[in-house]
Structures are given as C-alpha cells and as structure tokens.
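Student: I would like to go through this model and ask what stands behind each label.
Tutor: Go ahead.

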There are 2 protein chains.
Amino acid sequence: MSLRFEILARDGAARVGRLVTAHGAIDTPAFMPIGTAGTVKAMTPEGVAATGARIILGNTYHLMLRPGAERIAELGGLHRFMNWPHAILTDSGGFQVMSLAALRTITEAGVAFRSHLDGSRHLLTPERSIEIQHLLGADITMAFDECAPFPAERAAIEASVERTLRWAERSRAAFRPRPGHAIFGIVQGGVHPDLRARAAARLVETGFDGYAIGGLAIGEGQATTFAMVDNDAPMLPADRPRYLMGVGKPADLVGAVKRGVDMFDCVVPTRSGRTGQAFTREGALNLRNAHHADDPSPLDPLCRCPACTGFSRAYLHHLTKSREILASMLLTQHNLTYYADLMADLRAAIRVRRLSDFALPEPAS
Amino acid sequence: MSLRFEILARDGAARVGRLVTAHGAIDTPAFMPIGTAGTVKAMTPEGVAATGARIILGNTYHLMLRPGAERIAELGGLHRFMNWPHAILTDSGGFQVMSLAALRTITEAGVAFRSHLDGSRHLLTPERSIEIQHLLGADITMAFDECAPFPAERAAIEASVERTLRWAERSRAAFRPRPGHAIFGIVQGGVHPDLRARAAARLVETGFDGYAIGGLAIGEGQATTFAMVDNDAPMLPADRPRYLMGVGKPADLVGAVKRGVDMFDCVVPTRSGRTGQAFTREGALNLRNAHHADDPSPLDPLCRCPACTGFSRAYLHHLTKSREILASMLLTQHNLTYYADLMADLRAAIRVRRLSDFALPEPAS
C-alpha cells in the first residue's frame with residue numbers, strides 16, 4: 001500500500017488512526033475543510049492550519065476550469081500554488097460536473113459538459129480525472145464516479161453503480177502509485193443496501209488504498225445515511241481508511257465516527273461561517289439575531305480561536321449585520337476550529353473507550 | 001497640550017515626529033488605515049498591526065448609526081469592541097453625513113438627516129459629534145465640520161467656512177481634555193487661499209492639539225491640493241501635528257510629506273485591495289490582467305507581507321478572477337504594508353536629509 005494507515009485505538013466500531021501522506025500525518029477521525037478553488041474561503045493557509053486541520057479537500061471540477069490543472073502543475077502543484085504545506089485530497093470532479101456543469105452528457109467514456117463559467121466544452125473521463133489530480137499533486141486521489149441523484153429509480157442507480165465500478169477500475173489503472181500518495185474507491189448505490197454491498201465488494205476486489213462511502217447526505221435524511229454507513233463500513237477492509245463524503249453537521253460526524261468512519265468533508269463549517277452561523281459548545285447560533293447585539297460574552301468561552309479570544313458576540317453580530325468580510329473570516333475560523341476540536345474530542349473519547357457517552361448539546365438559536 | 005508631539009528630525013518643510021496617545025506612540029509621517037464600521041475591511045486587527053500601522057481611523061457617521069455610540073461605550077469603547085489596542089482617530093461625521101445621508105438639512109445647530117441604512121432621523125451637532133467620539137473613546141477627536149463640495153460658489157464656501165469655524169469653537173468647548181487624548185481643528189475653504197488662511201488663523205486662535213487640512217482631494221487635482229497645502233501648512237503651529245484628510249495615492253503622500261504634513265488617511269489602499277489593485281515598488285498593478293496568470297514571481301519581491309512572501313502573482317490573479325475573499329485579504333494586507341513601508345522610507349529619508357531625492361516608480365499595468 002502506498003499510504004500508511006495505523007489504527008491506534010478502538011471503541012466499538014470507532015477507531016483512532018494515523019494516516020501518513022507525502023505531506024505529513026493526519027490523526028483520524030479527521031475533518032477536511034473544503035478548499036474549492038485553491039483557497040479555503042475567507043481563510044489564509046496559516047489560519048486553516050491554526051484550526052488544527054492537516055488535510056483539506058480541493059475540487060477537480062473547479063480547478064480544471066480555473067485556473068487549469070496544467071497551469072497549476074507548471075506553477076509547482078496545488079500545494080505550492082496555494083501555499084498549503086499539509087495534505088490535500090482532491091475529489092474526482094464527478095459530483096460537481098453533475099451539479100454545476102451545463103449540457104452534460106454521460107457515456108461509458110465519461111462526462112462531456114460545458115463550463116458553468118464560460119460555456120467552454122470539456123470531457124471528463126476516469127483517465128482525465130486521475131491525470132488532473134496527478135497534475136494538482138493530490139496526496140489522496142479519488143476514483144472518478146457518478147453520484148446518482150436522490151431520489152432516483154433503482155434501475156437507474158444500478159446502471160450508474162455498474163458504470164461507476166467500471167470507471168473505478170479505469171481510475172485504479174490510470175493512477176500512478178508513489179510513496180505517500182493514495183487512490184480511494186467510492187461506494188455508490190443510493191439507499192439500496194444490496195447495490196452498495198455489491199459496489200463495496202467489487203471495489204475491495206479491485207483494491208484501493210482507502211474507501212469512500214459516497215452518494216449520501218443528498219436529501220435522504222440522517223437515519224438513512226447512518227443505515228447506509230452501517231451497511232457499508234463492515235464490508236470495507238478494517239485496516240484501510242473510510243471516508244464519508246459530504247458529511248456533515250456535528251451530530252452527523254459523531255454518529256458516523258461511532259460507525260467506524262475515519263474521514264469527512266463538508267461545506268457546512270465554511271459556508272455557515274459566511275452566513276453568520278456558528279457552532280459552539282452550547283449548540284449552533286445565528287449571529288444575525290438581534291439578541292446578540294449587546295452581549296459582551298465570547299461566542300464560545302471554551303474555544304481557543306481568535307474569534308472567541310478576541311471579540312464579543314456583540315461585535316460578531318455587528319460585523320455580520322454589516323456584511324463585513326471580517327465576519328466571514330472570524331466565523332469561518334471559529335467553525336473550523338470547532339470542527340477540529342470536535343474531532344480531537346472524539347479521538348480522545350475513543351482512546352479512553354467513552355465514545356458511547358459522547359453527546360452534543362441541542363441546537364440553540 | 002493633552003497630546004505630546006515631538007519633532008525629531010527635519011528636511012526642508014518635512015518633519016519626522018512622534019505622537020504619543022493614550023494608546024501608544026505613532027511615528028510620523030504616518031498613514032492611518034480606514035476602519036469605517038469598526039473593522040479595517042478584510043483585515044484582522046493583528047493583521048493591521050502587522051503592517052506597521054499604529055493608528056487607524058474610525059467613522060463617526062457609520063458607527064453612530066450601527067451599532068450606535070452608546071452601545072459601543074457600554075461594551076467598553078471602540079478599542080475593546082474591535083480588539084484594536086493601538087490609537088484611533090475618529091472623524092467628525094461631517095464629511096459622510098454630506099456624502100451618504102439622505103434628506104440632510106444644514107442649520108446653524110448642525111445637520112439633520114436620515115440614515116442611509118434604515119431612513120431613521122438623526123441630528124448631528126458639534127456637541128453630539130464630540131460626545132459620540134468621546135463615547136467611542138477616540139484618542140484623536142476631530143472638530144465637527146462641513147466639507148464644501150467641489151466645485152462650489154465662493155460665497156457658499158465662505159458661508160460654510162464661517163459656520164465651520166463657529167462649529168469648531170463649539171467642538172473645542174464640548175471636548176473633555178484627558179491625557180493622551182486630543183482634538184484637532186479642520187481648515188476648510190475649498191481652493192481659495194484667502195479663505196483657508198482665514199480659517200487657519202481662527203483655528204489657531206481657538207487653539208487645538210493638532211490641525212487638519214480638509215476639504216481637499218475631492219476632485220480639484222493634485223497640483224491644486226499641493227498648492228493649498230503650501231498655503232495652509234506654514235500658517236499652522238510648527239510644533240503641532242498636521243493631518244491632510246482623505247489623501248491619497250503614494251505620490252500624493254510623498255508630495256504632502258515634502259510640504260510638512262504629518263498624518264494621512266485614505267480608502268485607496270484598502271478599497272484597491274478589494275478590487276485587485278496592488279501598489280508595488282514597480283508601480284501599481286492590476287491583478288485582474290491576464291498576463292499575470294502564469295507568473296510565478298511574487299507581487300513585490302522586496303515586500304515583507306504574507307501576500308508577497310507566500311504566493312505568486314499567478315495565484316493572486318486566480319483569486320482575484322475567482323472573486324475569492326482571500327484576494328481581498330491578501331491584497332489589502334499588501335497595500336497597507338506598502339503604505340506603512342512607504343511612510344517608514346519617507347521618515348528615513350527625512351532623517352538623513354535626502355527627501356528631495358525620494359522618487360516613486362511610474363505606474364505599471
């Protein structure tokens with residue numbers, strides 16, 4: 001295996017691990033902030049690292065369109081381009097080509113589409129997706145996949161899963177193994193346990209460095225998401241990292257960690273930070289609410305981030321109401337710190353085998 | 001005098017000084033970044049201080065409307081509210097009530113207006129302006145003034161100047177002197193040397209801790225601005241700081257320092273940073289230009305700021321084109337660092353009496 005992954009502690013299905021990439025080690029369970037267009041929005045790379053994050057996610061679809069994968073490679077790769085010295089996982093582009101691109105046509109070869117930015121024509125195939133991720137210099141590459149919409153006909157999902165499995169084999173073959181670099185396969189199959197089981201078995205047969213549980217958190221609801229994780233996780237190799245894609249809110253992370261997931265990505269902490277939502281040890285808060293206007297207390301008195309150590313809720317309310325860029329900067333930094341600390345707390349709970357006691361507060365206003 | 005100001009070196013009309021406020025000392029000539037609504041846009045307070053700035057400008061008009069001066073006072077004053085430990089100068093609100101407010105009516109009492117935010121009615125008088133600046137906790141308070149538009153009839157300007165001089169006396173009387181806190185008078189008079197001279201003489205007679213040269217940089221052109229500075233500066237006490245309001249671009253600062261100005265404020269470095277404009281030792285650059293797309297070199301190889309030490313022009317171009325918040329953050333930080341370093345270079349040139357040799361590059365693309 002070209003990616004070292006050690007499991008250091010277990011509690012039920014949950015595990016604490018250490019993933020060693022070409023750009024450093026990552027303690028798992030880990031949350032990966034989203035760095036769509038070569039930047040975690042409203043954050044400097046130093047700020048991202050200060051939250052505790054040691055791996056971020058970059059988007060193949062966005063970066064291939066602007067500034068272009070070959071251009072980033074010429075400039076020394078994505079790590080250097082965005083001045084991020086730690087690990088990067090890139091998605092395959094499959095999800096976003098479906099959700100963002102115009103006039104897309106799926107064939108066995110791949111997906112033909114027009115850019116949402118300028119209408120230019122592109123073809124994304126498994127081979128091109130892997131090449132782009134190679135040009136970007138991803139530590140972890142994702143196999144090119146199709147994420148079926150929810151809800152969808154079972155027959156359509158089945159056909160999509162089969163194509164995605166063929167694309168996974170082509171992705172695996174196109175990937176160039178190097179020490180500290182990995183390729184993950186992605187389990188699809190919608191909310192159908194048997195389709196997902198078939199996908200998991202076939203991916204394991206092909207053999208990947210890690211496995212993603214995909215196609216979830218797209219409207220099926222938390223109970224169904226968890227049921228699918230319960231279905232998929234035991235089918236994946238115990239000694240390989242498991243990544244639940246696009247998840248989630250704090251309670252989703254806690255539930256998925258309990259079910260054996262090691263890695264997550266989600267826009268929630270960053271996007272929420274830009275709309276005045278903050279996650280705290282008292283629950284989620286909306287800083288736009290007027291009752292914060294005179295509150296001299298910090299956002300979260302137990303938080304170590306600059307928003308909490310330097311400013312009052314009253315000030316953060318003022319910035320949010322005034323649509324100041326600093327509101328996005330401080331609340332994003334806070335939310336990513338909250339997520340990083342939540343993952344650290346989960347790791348600590350697993351180490352002392354107290355994960356079953358782990359509880360989050362109910363959402364506040 | 002409640003504000004210590006020492007002149008440490010001279011070169012022609014130019015001086016190097018040290019202004020000691022209740023929130024620390026400021027080396028002059030100094031540039032004050034604009035912190036309109038309790039934040040220097042796209043910057044953390046630590047980031048502002050890292051540029052070298054030790055004084056910022058806060059806007060009375062904006063802060064009285066949102067979040068309100070009494071609220072900021074309740075929360076411990078503007079320094080604490082925005083977590084800025086260094087000095088703050090507040091403007092009087094006079095300029096912005098004219099440029100931003102709706103349905104304004106000027107009388108001898110002051111200016112009645114409606115808020116541009118919610119249409120609420122307000123009255124700003126000299127006494128209320130000084131009270132607001134007191135509530136904010138300004139280290140340097142500005143006398144309430146009217147800035148006549150350019151161009152305007154001489155008779156209208158003369159009436160405005162006379163009213164502003166009466167307002168200046170009322171402002172002086174309303175100000176509560178405390179150690180390290182100051183009130184500055186503002187010379188108005190448009191582009192009429194005799195009106196400006198009359199204003200300067202009357203302000204000096206009233207007696208202020210410092211003097212602003214106001215009503216300029218509003219369309220009259222650099223040559224006229226400089227002519228008015230040449231007119232006003234010699235009339236102001238040599239041992240008191242002189243502040244040229246709303247100026248300017250780098251070449252404006254150099255010319256005004258040569259004419260004996262000690263302090264400046266302007267939106268140019270911060271606003272430009274949010275629109276892809278960067279000031280460098282090679283001149284001004286527009287990062288949106290496509291010829292930066294593949295350029296691996298730093299914005300300014302001699303600059304010490306995070307934008308220049310961490311990133312390429314290609315990356316900054318990408319961020320700017322993609323309208324990423326990080327573009328505003330990095331370019332604002334760069335431009336404020338450039339301005340702070342320019343002021344430091346001017347101070348160094350005065351100390352060695354080489355200011356006449358000081359030259360800026362011609363603007364590039």
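Student: Where does Pro29(B) lie?
Tutor: In this predicted model, Pro29(B) sits in the loop between strand 3 (24–28) and strand 4 (30–32) of chain B.

Student: What is noted about phi of Leu103(A)?
Tutor: Phi is near 50 degrees, a positive value in a residue other than glycine. Leu103(A) is part of strand 7 (residues 102–106) of chain A.

Student: Why are helix 7 of chain A and helix 8 of chain A called roughly parallel?
Tutor: Two packed helices are described by the angle between their axes and the distance between the axes. For helix 7 (residues 154–174) and helix 8 (residues 193–206) of chain A, the angle is about 10 degrees and the axes are 10 Å apart. Angles under 35 degrees count as roughly parallel, and helix 7 of chain A and helix 8 of chain A are therefore roughly parallel to each other.

Student: Which residues meet in the contact of helix 7 of chain A with helix 8 of chain A?
Tutor: From helix 7 they include Ile157(A), Val161(A) and Leu165(A), and from helix 8 they include Leu195(A), Ala199(A) and Leu203(A). By class, this helix contact has seven nonpolar, one polar and eight charged residues.

Student: How do you know that Lys41(B) and Glu324(A) meet in a salt bridge?
Tutor: The N to O distance between their side chains is 2.6 Å. The rule asks for a side-chain nitrogen of Lys or Arg within 4 Å of a carboxyl oxygen of Asp or Glu, so the pair qualifies. Across the interface of chain B and chain A, the rule finds four salt bridges. There are also 12 residue pairs in polar contact across this interface.

Student: Which helix of chain B gives the most to the side of chain B that touches chain A?
Tutor: Helix 13 of chain B, with five residues. By class, that side of chain B has 17 nonpolar, eight polar and eight charged residues.

Student: How many residues are in contact between chain B and chain A, and what area is buried?
Tutor: In chain B, 33 residues are in contact with 33 residues of chain A. The buried area is about 2800 Å², with carbon and sulfur atoms giving 62% of it.

Notes: Residues are numbered from 1 along each chain as its sequence is written. Chains are lettered from A and ligands numbered from 1 in the order in which they are written. This is a predicted model: local features need pLDDT of at least 70, side-chain atom pairs count only at pLDDT 80 or more; totals for chains, interfaces and linings use all residues. Side-chain values use heavy atoms; hydrogens and water are left out. Axes are lines fitted to C-alpha atoms, for helices over the stretch in contact, and angles run from 0 to 180 degrees between N-to-C directions. Helices (H or I, at least four residues) and strands (E, at least two) are DSSP runs, numbered from the N terminus. Angles under 35 degrees count as roughly parallel, over 145 as roughly antiparallel, 65 to 115 as roughly perpendicular and the rest as oblique. Contact means heavy atoms within 4.5 Å. Ala, Val, Leu, Ile, Met, Phe, Trp, Tyr, Cys and Pro count as nonpolar, Asp, Glu, Lys and Arg as charged, and the others, Gly among them, as polar. Buried area is the accessible area (1.4 Å probe) that two parts lose on being put together, summed over both. A polar contact is a pair of N or O atoms within 3.5 Å; within protein, one must be able to donate a hydrogen and the other to accept it, and residues adjacent in sequence count only if both atoms are side-chain atoms.
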